[in-house]
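Work through the exercises below with the coordinates open. Try each task before reading its solution.

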Amino acid sequence: MTAAVDGRDVIARAHLVAAQAMTPRHGKRMLRWAGWGIGLAALVAMGCDLGFSSERLLAGMLRAGHLLTLMWPPTSAGQAGAVFKALGQTIAMAFLGTVLVVILALPLGIVGARTIVQQPVIHFVLRRLLDAARTIPSLVWAMILVAAFGLGPRVGVTAMVLAETPYLAKLFAETMENRRQGVIESLQAAGATRLQVLRYGLMPEVLPLMTGKALLLFEGNIRASAALGLVGAGGIGVLLDTRIQLLQLDQVAWILMLFIVLVLTIDLSSQALRRRLINAKSYNLERMDADA
Amino acid sequence: MPVSGNTGIVGLFEDRRRQLLLRGRLETLVTLAILSVLLLASARISEFLSGDYGDAPFARVAEFLQRMNPHLKPALLLAGSGAQGSVAYWFYAFPKWARALFISVEMAIVATAVGTVLAFGLSLLMARTVTQSTIVRQTTRWLPNLVRTMPGFIFAMLLVQAVGTGPMAGTLALTFTCFAGLARPFSEILENADVGPMESVRAAGGGRCAQIRYGLLPLVAPNMLTYVFAWIEINVSASTALGIVGAGGIGQELAGALAYNQFDSYLAIMIMIAMVVVGADLASEQIRHRLFGLRQAR
Amino acid sequence: MLELHNLRKSFGRTMAIDGVTLRVERGEMVGIIGRSGAGKSTLLRLINRLTDADEGEICWQDRDITRIGGRALREWRAHSAMIFQRFNLVERLDVVTNVLVGCLHRHALLPSLIKSFPAEDRARAILELDRVGMADKALQRTETLSGGEMQRVAIARAMMQQPSLLLADEPVSALDPFNANGVMNALVAANRERGITVMVNTHTIDLARTFCQRLIGIRAGRIVFDGSPGQLDRGLEAELFGNTMLRQAA
C-alpha cells in the first residue's frame with residue numbers, strides 16, 4: 001500500500017539526513033531508569049538503617065495524636081512573666097548577634113570577593129577557610145562554650161557569631177562578585193580610578209542586597225537563638241525543653257503560639273523593609289517649564 | 001561652556017536636590033537613632049554590658065583553648081591508639097563517631113529527598129500557573145509559612161516524645177523543615193516561569209499533565225534543583241546538632257564528650273563534622289555541574 | 001588626529017583584528033560597518049584601551065597611547081568618551097550622578113567617594129542633560145528610564161567628559177527607529193557643534209549612510225572598504241555582510 005511505502009520512505013530519508021538522531025538510544029534510557037531505581041533502593045535502605053518501620057510510624061502517629069490532644073487548651077499557667085522575659089532575651093540575642101555578625105562579616109566578605117582582591121591564592125585560601133568554618137552549627141559551638149564559660153545569653157551570642165560570620169561573609173563575597181561587567185567597563189571608559197569604579201559601579205547595587213541578606217539572617221537568628229536556650233545559652237529554649245519533657249504540652253502550645261506571632265511579625269516587617277530597599281524611588285523635578 | 005547660561009533650570013534642580021538631601025539625611029539619622037537604641041537594649045538584655053565578666057576573662061579563654069588542645073607529639077603522631085600524643089589516641093572513638101556521622105548524613109539525605117517530593121507536590125497546588133482555584137491556593141499557602149516559623153528543634157523535641165529517641169525523630173523533623181523551606185521557593189519558581197511553553201503544548205492539544213510534564217518541568221527543574229542542593233547542605237549541618245535532643249546522629253556523641261569533660265574529643269568530632277560537611281558541599285557542586293551539563297544536551 | 005598602525009588582536013584562536021591601519025582626522029564623523037563579530041567592537045575598545053592590542057600602535061595627535069597606564073591612561077579614557085549598546089549606566093544611581101561620573105577623573109579620591117561634586121560641575125551636568133532633553137528627570141533613579149532615555153543620559157555623560165573623541169559602540173542597536181534617530185542626531189550635533197571626532201559602530205548600513213560622511217567597512221578583522229557612502233555599492237555591501245542563511249534551492 002502506498003501509505004506503508006511512504007512511511008518507510010520517510011524513515012529512510014530521515015536516516016540519510018541525520019542518522020544519529022534516528023538511532024534508538026536504548027542504552028542511555030536503561031541507564032537512566034537504572035539510576036532512578038538504585039537511588040530509590042538506596043533511600044529505602046537508608047530509611048531502614050535509620051530505624052524507620054511501619055510499626056514505629058503507626059505507633060508514632062497514634063502517640064502524636066495523643067500529644068496533640070494534650071496541647072489543648074493552651075495555657076500560660078501563670079508563668080507569662082517568665083515567658084515574656086525569655087522571649088525578650090531571645091530577640092535581644094538575635095539582634096545583637098546579627099549586628100555583630102554583620103560587622104565582622106563585612107571586611108571578610110570584601111577581602112574574599114574576587115572583584116576586590118584579585119590574588120587567586122589569597123582568594124582560594126580564604127574561601128576554603130570560610131567554607132570549613134561554616135560547617136559547625138551554632139548549637140555545637142554553644143554546647144562547648146557553655147561547658148567552658150557557664151550559662152547565659154552572652155555565651156549564646158558568641159556561639160551565633162562564631163557559627164554565622166563565615167556564612168554571611170561568603171554571602172557578601174558572592175554578592176560582590178556578581179557584578180555587571182558592562183557597567184564596570186563603562187566607568188573605566190570614563191576614566192575612573194579603581195576605587196571610584198567600586199564606589200559607583202559596585203556599591204550602589206551591592207549595598208541593598210547585602211542589607212537584605214542581613215535582614216534574612218536576623219530572621220534566621222531568632223529561630224537559632226530560641227534553640228540555643230536548650231543548652232542553657234539563654235532564651236526560650238530551656239523553658240520549652242523542661243515543659244516538653246514533663247509533657248506539659250498545653251503550656252508548650254501557649255509558648256509556641258506567642259513565638260509564632262512574634263516570628264511572623266518580624267518576618268513580615270523584614271519582608272516589607274527588604275521590598276523597600278529594592279524598590280525604585282523616583283523623584284521628579286516638577287514644573288521644570290515654569291522658567292522661560 | 002557658559003555656566004551662567006540657563007540658571008533657571010539649574011536653580012530649580014539645586015533647590016530640589018537640597019530638599020531631597022535634607023530628607024535623606026533625616027531618614028538616615030532617624031534610622032541610626034532607632035538602631036542604636038535597639039542595639040543598646042539588646043546588649044543590656046543579653047548581658048553583654050552588665051560588666052560581670054568574672055576575673056581574668058582572657059585567661060579563661062586561654063584555658064579553654066588549652067583544654068581543647070589534643071597535645072599531639074610529633075614523634076608519636078602515627079603511633080597506635082594507646083600512645084598519648086598520637087592522632088589515633090586523639091580520635092580514639094573514631095569508628096563510633098564515624099558511624100554516628102554516617103547516620104547524620106543519612107538523615108539529611110532521606111529528609112531532603114522526602115521533603116523535596118512533598119514540597120514539589122504542595123507547590124503545584126500553591127502556584128498560580130498550575131492551580132486555578134484561589135481557595136486551594138490560599139489554604140495551602142499558610143501551611144509552609146506556619147511550619148517555617150518554628151525552629152526545627154521544636155519538632156525534634158516533640159517527635160522524640162512521639163516516636164522515641166533515635167534518628168527517626170530527627171529525620172522526620174528535618175523532613176518537615178525541609179518541606180516547609182522548599183515549598184515557597186518552588187511555588188515562586190512555578191509562578192515566575194514563562195507560561196509560553198505550557199501554552200504551546202496546550203495549543204498542540206496536550207492535556208494538563210502533558211502541559212506540566214513537557215511545558216513546565218524542563219523549565220523549572222534547574223532552578224528547583226539549586227534550592228534542593230542548598231537544602232542538602234543545610235540539612236547535613238542541622239542533623240549534626242539534632243542529636244543533642246536525642247534525635248540521633250553525631251549530636252549525641254558531642255553531648256557525651258562534654259558529659260565526660262573531654263574537650264579534645266569535642267574538637268576531634270568538630271573536625272570530623274567540618275570535613276564531612278565540606279565533602280558534602282564539594283560533592284553536591286560536582287553533581288550540580290554534571291547534571292546541568294546533561295541538561296544542556298537535553 | 002587618530003592614527004592606528006598595524007593593529008592586531010586575537011582572543012584565543014580567533015583573530016579579532018588583523019592588521020588594521022587607519023587614520024582619522026579631527027572633526028570627522030566615521031561610520032564603521034560590518035557584520036556582528038567582524039571586529040567593530042574590538043576596534044573601538046582597542047582605541048580607548050578597554051582591550052589591549054597584541055601588536056601595533058595607536059597614536060593620538062602624534063602621541064603614542066598604546067602602552068600608557070595609570071593616570072595617563074585614565075586621562076586618555078576621559079578624553080575618548082565611549083557609549084555602549086546596552087547603555088551600561090549605574091541603574092541604582094540617579095540620572096545626574098550618572099552624568100557626573102563623566103567628571104570623576106578630575107576629582108580627588110575623597111570627595112568622589114562621598115559623591116560630593118562642586119556646584120559648577122552639577123550645573124554643567126544639568127545643562128548637558130537639558131541639551132538631550134532629560135533635565136527634568138535629573139533626580140530620578142536611572143532604572144526607571146526607557147532605553148532611548150538612558151542612551152541620551154549616556155551621551156550627556158560623554159559630553160561631560162569634554163572629549164575630543166567619541167566612540168559609539170552600536171549605540172542604537174537596542175533602540176526603536178524613533179529613538180535611534182534621536183540618538184544619532186545627538187551624535188551629529190556633538191560632531192558639528194563641538195567639533196568632536198565621532199566613530200560610530202553599526203550593523204545597519206543605512207544608518208551609517210545617512211549620518212556619516214565616511215564609511216569604514218570591516219570584515220574578519222580587516223578593513224575592506226574606506227570611503228564615502230556614495231562609493232559603497234551593492235557588490236561591496238554583499239561582500240561585507242555576506243548571506244549564508246538560506247541555501248539556494250537547486
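The model is predicted: local features need pLDDT of at least 70, side-chain atom pairs count only at pLDDT 80 or more, and totals for chains, interfaces and linings use all residues. Residues are numbered from 1 along each chain as its sequence is written, chains are lettered from A and ligands numbered from 1 in the order in which they are written, and side-chain values use heavy atoms, with hydrogens and water left out.

**Exercise 1. Describe the interface of chain A and chain B.**

Step 1. Collect the residues in contact (heavy atoms within 4.5 Å). Chain A gives 65 residues and chain B gives 67 residues.

Step 2. Compute the buried area, which is the accessible area (1.4 Å probe) that two parts lose on being put together, summed over both. Chain A and chain B bury about 5,800 Å² between them, with 74% of it on carbon and sulfur atoms. On the chain A side, A:Leu50, A:Ile144 and A:Arg154 lose the most area to chain B, together 13% of what that side buries.

Step 3. Search for salt bridges (a side-chain nitrogen of Lys or Arg within 4 Å of a carboxyl oxygen of Asp or Glu). The rule finds two across this interface. A:Arg134 and B:Asp281 form a salt bridge, at 3.1 Å from N to O.

Step 4. Assign elements, taking helices (H or I, at least four residues) and strands (E, at least two) as DSSP runs numbered from the N terminus. Helix α7 (residues 138-149) of chain A gives the most to the side of chain A that touches chain B, with nine residues.

Step 5. Sort by residue class: Ala, Val, Leu, Ile, Met, Phe, Trp, Tyr, Cys and Pro are nonpolar, Asp, Glu, Lys and Arg are charged, and the others, Gly among them, are polar. The side of chain A that touches chain B splits into 43 nonpolar, 10 polar and 12 charged.

**Exercise 2. Which strands pair with β1(C)****?**

Step 1. Apply the rule: two strands pair if DSSP finds at least two bridges between them.

Step 2. Strand β1 (residues 2-11) of chain C and strand β2 (residues 14-24) of chain C are antiparallel over eight bridges. C:Leu4 has C:Leu22 in β2(C) as its bridge partner. Two residues lie between the strands of this hairpin, where C:Gly12 takes a positive phi near 65°.

Step 3. β1(C) also pairs with strand β4 (residues 55-60) of chain C, antiparallel over five bridges. In β4(C), C:Trp60 is the bridge partner of C:Leu2.

**Exercise 3. Find side-chain pairs that link distant parts of chain A.**

Step 1. The count is 35 salt bridges over all chains. In one of them, A:Glu177 meets A:Arg127, with the closest N and O atoms 3.1 Å apart. A:Glu177 sits in helix α8 (residues 153-177) of chain A and A:Arg127 in helix α6 (residues 120-134) of chain A, 50 residues apart.

Step 2. Pair aromatic rings of Phe, Tyr and Trp (its six-membered ring) if their centres lie within 6.5 Å; planes under 30 degrees apart count as stacked, over 60 as edge-to-face and the rest as tilted. The structure holds nine aromatic pairs over all chains. The rings of A:Phe95 and A:Phe218 have centres 5.9 Å apart and planes at 85°, so this pair is edge-to-face. A:Phe95 lies in helix α5 (residues 80-112) of chain A and A:Phe218 in helix α10 (residues 194-228) of chain A, 123 residues apart.
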